[in-house]
Amino acid sequence: MAQIELVMPKMGESVAEATITKWLKEEGEAIEAEEPVLEIATDKVDSEVPAPQDGILKKKLFKEDDVVKVGEAVAMIETEAEEGSSDDGEGGSPVSTEAPTSNGSQAAHAEPQPAAVATAEAMLSQGAQAASPTTEIPRSANGRFYSPLVRSIAEEEGVSLEELNALDGSGAEGRVTKNDIMSYLEQRKEQPAAPAYAPAEPAHKEAAPQAAPQSQPAPAAPASEPQAAPVSVGGDDEIIEMDRMRKRIADHMVTSKRTSPHVTSFVEADVTNIFQWRNKVKDQFQKREGEKITFTPIFIEALIRTIKDFPGVNVSVDGDKIIQRKHINIGMAAAMPSGNLIVPVIHDADQLNLVGLTKRVNDLARRARDNQLKPDEIQGGTYTVTNVGTFGNVMGTPIINQPQVAIMATGSINKKPAVVETPEGDFIGIRYKMFLSHSYDHRVVDGALGGQFVRRMADYLEQFDPERTW
């Protein structure tokens with residue numbers, strides 16, 4: 001018999017903890033693999049935590065309403081597996097069968113996995129002795145979990161924890177599998193390796209003449225954190241504690257402004273054709289498709305075409321590197337009944353037609369209002385759109401949803417007198433117009449790209465075919 005930990009899973013970007021709302025199993029009760037054991041709630045979504053293996057719920061480590069950090073064990077499960085066995089890193093929920101020593105490290109007598117032994121032997125046979133001592137990889141870090149096999153390979157190959165954290169895992173909940181780390185090692189072999197350390201010079205060796213050091217700029221002093229102005233509270237004022245979600249939003253917004261130098265470009269678009277087409281087809285659309293068609297999926301359709309024309313906005317920044325995203329995953333900001341904001345994501349939005357976009361938009365918006373979104377439906381976005389026109393606003397200066405580099409705000413549609421150009425001449429007519437506000441990260445998106453992007457989207461909206469079918 002062996003005992004494994006049932007840990008609090010990672011529930012999405014920026015989510016560091018969750019509240020246990022209900023235990024679905026009692027101590028001593030048998031559970032099957034993937035059977036829900038407890039229900040949890042985060043700042044953004046509610047979810048269930050399944051059992052990683054068949055077994056018996058041996059002990060609950062927390063009670064209902066307790067707040068538990070991501071990666072922390074919430075229960076112990078007794079399984080039929082032999083002591084010391086563990087998963088192979090190829091999927092499933094994160095578990096651990098290792099007995100920690102007094103300093104928290106793995107037991108010294110634990111036997112390495114065969115694959116790790118083979119890797120080590122191959123290294124020694126080729127004379128590839130590690131240049132520096134390997135660093136022990138922890139079982140979990142930053143909310144991610146690493147199986148004993150993955151950790152053994154990483155330690156034998158000298159893969160640092162930072163490198164592991166940067167890998168995109170293909171396993172369950174983004175875990176790094178054996179295939180992931182082996183593929184990474186193959187890619188790393190193709191790149192010239194930098195020496196891990198410089199050999200120390202013998203103490204008795206005479207120092208060689210040194211070239212005059214070049215003038216180096218003095219390191220910039222760390223910027224001090226801005227101090228909030230003191231707030232006076234009157235006797236009639238009410239003090240309201242922020243809920244957890246509002247705190248997360250506040251931190252996310254402040255971090256974004258500190259990370260990205262924001263620039264916003266504005267363009268006014270004539271959407272008369274879209275406005276009239278929607279009014280013409282909305283009843284027939286709902287009758288045939290069972291969904292109401294709003295302006296949002298039409299705007300997203302034009303946005304997708306624009307991103308394909310200007311993929312430079314579908315990127316992320318990692319230090320001095322630009323990560324070009326190959327998928328177009330559109331986040332759509334949605335207001336919740338609580339007043340908080342959440343951004344569900346339409347993954348691979350470019351693979352959907354207008355009907356598919358409409359159904360996906362309506363479904364995500366509906367479940368966002370009911371707090372029923374799943375963790376993977378609020379992460380992975382590559383570009384975000386927010387409809388400030390819903391609140392009667394003509395334009396806005398939206399804050400970038402990190403780690404993306406751009407966001408589009410669509411304003412309210414209003415009737416305006418405008419000059420209409422025709423082959424017969426110009427005339428003043430009543431047109432439906434709206435503003436597009438495009439905020440972008442000036443580290444990687446310059447004014448030319450940012451301005452052309454929003455202008456191209458306006459062009460696609462104005463060129464909408466009023467005779468099209470859906």
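Author: In helix H9, the buried residues are Gly450, Phe453, Val454, Met457, Ala458, Tyr460 and Leu461; buried means under 20% relative accessible area, exposed over 50%, and partly exposed in between, with a 1.4 Å probe and protein chains only. These residues cover an arc of only 160° around the axis, so they are on the same side of H9; the arc is that of the directions from the helix axis to the C-beta atoms.

This is a predicted model, in which local features need pLDDT of at least 70, side-chain atom pairs count only at pLDDT 80 or more, and totals for chains, interfaces and linings use all residues. Residues are numbered from 1 along each chain as its sequence is written, and side-chain values use heavy atoms, with hydrogens and water left out.

Helices (H or I, at least four residues) and strands (E, at least two) are DSSP runs, numbered from the N terminus. H9 takes in residues 447-462, which is 16 residues, and its end C-alpha atoms are 22 Å apart, in agreement with the 22 Å it should span at 1.5 Å a residue. That expected span is 1.5 Å times one less than the number of residues.

The cover over the buried residues of H9 includes helices H6 (272-289) and H7 (295-309). Strands E11 (262-270), E18 (383-387), E19 (406-410) and E21 (425-441) are also included in that cover. Contact means heavy atoms within 4.5 Å.

Asn314 counts as buried because its relative accessibility is 2%.
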